[in-house]
Amino acid sequence: QVKLTYPNVVTISMIGNDIGFSDKLTKCIVGTDSCFHFREDRQGVAAEVASKFDTLVGMYKNIQETAAHDDLKVYVLGYPQLFSIDTQCAANVRLDQEERAFSRGLVVYLNAVIRAATERAGVQYIDVQDAFAGAQLCEEGEKAVNGLTSGNDVLKVIGNESFHPNEKGHQLFAEALASQSINLTKPMPAPNPSKTAPIEGSD
C-alpha cells in the first residue's frame, strides 16, 4: 500500500499566463502603434484580471483542503515590475514609454487582485513588486529579467523566455520569499470571507 505524503510548505505564482501577459507584450512588440492606447482596451484587460479572482481563491483553498495536516503554509508570490519608464531602453526591449507604463499598471492591478485572493483564502502574500528595482529592463547594470530573445516560440522569431526572470531574478525572488515568510515559518493569516476583487485604480 502506497502512503501519500503532503508538503509542509507550498509556494505558488500564477495568473500572468492565464491572462496572456506575454501575449499582450508580444502584441506591443509587433504592432506599429502604442498598444492598449485606448481606455476601453485597458479596461478590458482589467476586467480579465478581475475575473480570475474566484479561480485564485478556489485554488488556494483547494491546496489547503488537500493537505493532510492543519499547519500547511502557502506562500503566494506576486509579480515584479519588469520595466523602468523614465529611461532609455536597449534594442532588446522595443516598447515605448506608454507601453511600459501600461505594463507597470497591469502588474500593480495583478498584484492587487492576487493579494485580495490570498486574504480571502487565508494564505500569505509575498510582495515582489519592487524586487527587481535597480535591475529592471531599461535600467543600468545587471538585469534581473530577460529582454526580447530570439527563438521559434512566437512568430517563429521570439523565444518564450523573453521578459521572464533570469538567474538573478530568481535569486531576488528567493530573497524576498525568505525575508517575508521568515524563512518559510510565518503562520497563515485568518481568512477574510468578505474580501472581494479590488476595483482597478482603487487603493
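1. Helix 3 covers residues 53-66, and its 14 residues, at 1.5 Å a residue, should span 20 Å; the C-alpha atoms at its ends are 20 Å apart, so the two values agree. The expected span is 1.5 Å times one less than the number of residues in the helix. Helices (H or I, at least four residues) and strands (E, at least two) are DSSP runs, numbered from the N terminus. This is a predicted model, in which local features need pLDDT of at least 70 and side-chain atom pairs count only at pLDDT 80 or more, while totals for chains, interfaces and linings use all residues. Residues are numbered from 1 along each chain as its sequence is written, and side-chain values use heavy atoms, with hydrogens and water left out.

2. Which residues of helix 3 are buried? They are Phe 53, Leu 56, Val 57, Tyr 60 and Ile 63. These residues cover an arc of only 125° around the axis, which puts them on the same side of helix 3. The arc is that of the directions from the helix axis to the C-beta atoms. An α-helix has 3.6 residues a turn, so residues three or four places apart point the same way. Buried means under 20% relative accessible area, exposed over 50%, and partly exposed in between (1.4 Å probe, protein chains only).

3. The buried residues of helix 3 pack against strand 1 (9-12), helix 2 (39-50), strand 2 and helix 4; contact means heavy atoms within 4.5 Å. On the face of helix 3 turned away from its buried side are the exposed residues Asp 54 and Glu 65.

4. Ala 46 belongs to helix 2. With a relative accessible area of 9%, Ala 46 is buried. Leaving out residues up to four places away in sequence, Ala 46 touches Tyr 109 and Glu 200.

5. The structure holds one disulfide, formed by Cys 89 and Cys 138, with their sulfur atoms 1.8 Å apart. A disulfide here is a pair of cysteine sulfur atoms within 2.5 Å. The pair links distant parts of the chain, 49 residues apart: Cys 89 is in the loop between strand 2 and helix 4, and Cys 138 is in the loop between strand 3 and strand 4. The torsion about the S-S bond of Cys 89 and Cys 138 is about 100°, so the disulfide is right-handed. Cys 89 counts as partly exposed, at 25% relative accessibility, whereas Cys 138 is buried, with a relative accessible area of 8%.

6. Lys 143 lies in the loop between strand 3 (124-126) and strand 4 (150-154). At 25% relative accessibility, Lys 143 counts as partly exposed. Not counting residues up to four places away in sequence, Lys 143 touches Ala 135, Gln 136, Leu 137, Cys 138, Asn 166 and Lys 168. Its side chain also reaches the backbone oxygen of Gly 141 at 2.8 Å. A polar contact is a pair of N or O atoms within 3.5 Å; within protein, one must be able to donate a hydrogen and the other to accept it, and residues adjacent in sequence count only if both atoms are side-chain atoms. The C-alpha atoms of Lys 143 and Glu 167 are separated by 9.6 Å, and the two residues are 24 apart along the chain.

7. Gln 129 is also found in the loop between strand 3 and strand 4. Gln 129 counts as buried, at 18% relative accessibility. Apart from neighbours within four places in sequence, Gln 129 is in contact with Tyr 79, Pro 80, Gln 81, Val 107, Val 108 and Asn 111.

8. How many aromatic pairs does the structure hold? There is one. The rings of Phe 132 and Phe 173 have their centres 5.3 Å apart and their planes at 40°, so the pair is tilted. Phe 132 is in the loop between strand 3 and strand 4 and Phe 173 in helix 5, 41 residues apart, so that the pair links distant parts of the chain. Both Phe 132 and Phe 173 are buried. Rings of Phe, Tyr and Trp (its six-membered ring) pair if their centres lie within 6.5 Å; planes under 30 degrees apart count as stacked, over 60 as edge-to-face and the rest as tilted.

9. Two backbone angles deserve a look. Most residues other than glycine have a negative phi. Arg 94, which is not a glycine, has a positive phi near 60°. Arg 94 sits in the loop between strand 2 (73-77) and helix 4 (97-121) and counts as exposed at 53% relative accessibility. Leu 184 has a positive phi of about 65°. Leu 184 is in the segment after helix 5 (167-180) and counts as partly exposed at 34% relative accessibility.
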